[in-house]
Amino acid sequence: MNRLFLGLPAPAKLNLFLHVTGRRADGYHELQSLMVPITLADTLDFELRDDGRITRTGDLIGAEEDDLCVRAAALLQRESGTPLGAAIAVEKRIPAGSGMGGGSSDAATTLLALNRIWRLGWSRDRLAPLALRLGADVPFFLGTGAAFAEGIGEQLTQVACPVGWFAVIHPQVSVSTAEIFAAPELTRSTKALRIADFSALRDNAVRSGVAGGGTLFGANDLEPIVRSRHAAVEAAIAHLARFGPARMTGSGSAVFAVVPSESAAKEAVNHLPSGWQGWAVSSLPELPLAEW
């Protein structure tokens, strides 16, 4: 039995747009978004344990039992009935509270890795309900690549997305997703796109926006609220807007600009204010564990 998986990637994502189209009776919001994975990634190591324990080392934010990797491992262990455990080590590069899905991506990589190291043989379709129980973004990272997301983010249509370059900035503030979605000024009535609109959506949001360094389709409906409450996010968008169409991803606080080349992305993240982080990244043609 394979006892080790070392250096498995858990990539970040960007929401090229994020529309809030309604609010359900259970309080969750109906969304539509185009999500793309990018080259910025956490790295995870896994070692099989025969004693059934799940341990977590490396970069840890908050209590161990609240960590999404630990929760993913415990959920899969419980649902599968395996007596095996795992030692999980995580090297974090994706900032927490940035809207780039770092914790969700870590959880998805954990499900895929432990499915193999425990030799469960579960399909992705069988893992998907567990992913959704862990968080709305986790199912995306179980997919194959860029996707059009609907519902609360779990209804995914995989799309072909040409590789494009982005300048990404994290202005070192953490944004509460729950607080932003609860904001009374949040617009929750953006007109929903139909699947019949999808060709035009892809042409505008993907080809023009990503591949060509041109315009961005739609909007991020959460962005105005975050910008009004966090001056650093406002400043980061203003900085990136000098280099290309700029927008916040997810519920923030990371922001990105679509740029035409790697050199343009590097230029945009040079000479940032003290404390800010910046990356020149490209989108990924597929998720790195897409074949698992």
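Leaving aside neighbours within four places in sequence, which residues is glycine 244 in contact with? They are Ala257 and Val258, where contact means heavy atoms within 4.5 Å. This is a predicted model, in which local features need pLDDT of at least 70 and side-chain atom pairs count only at pLDDT 80 or more, while totals for chains, interfaces and linings use all residues. Residues are numbered from 1 along each chain as its sequence is written, and side-chain values use heavy atoms, with hydrogens and water left out.

Glycine 244 sits in the loop between α8 (231–240) and β8 (246–248); helices (H or I, at least four residues) and strands (E, at least two) are DSSP runs numbered from the N terminus. Glycine 244 has a relative accessible area of 14%, so it counts as buried (under 20%, with exposed over 50% and partly exposed in between, for a 1.4 Å probe and protein chains only). Its C-alpha atom is separated by 37 Å from that of arginine 124, 120 residues apart along the chain.

Next come the nonpolar cores, each a set of buried Ala, Val, Leu, Ile, Met, Phe, Trp, Tyr and Cys residues joined through side-chain atoms within 4.5 Å. The largest has 40 residues, and those touching the most other members are Phe46, Leu76, Ile88, Leu114, Ile117, Trp118 and Leu134. Elements giving two or more residues to this core include β4 (85–91), α4 (138–141) and β5 (147–150). A second, separate core of 27 residues includes Leu31, Ala264, Ala268 and Val269.

Tryptophan 118 touches Leu48, Ala73, Leu76, Gln77, Thr82, Leu84, Gly85 and Ala86, when residues up to four places away in sequence are not counted.
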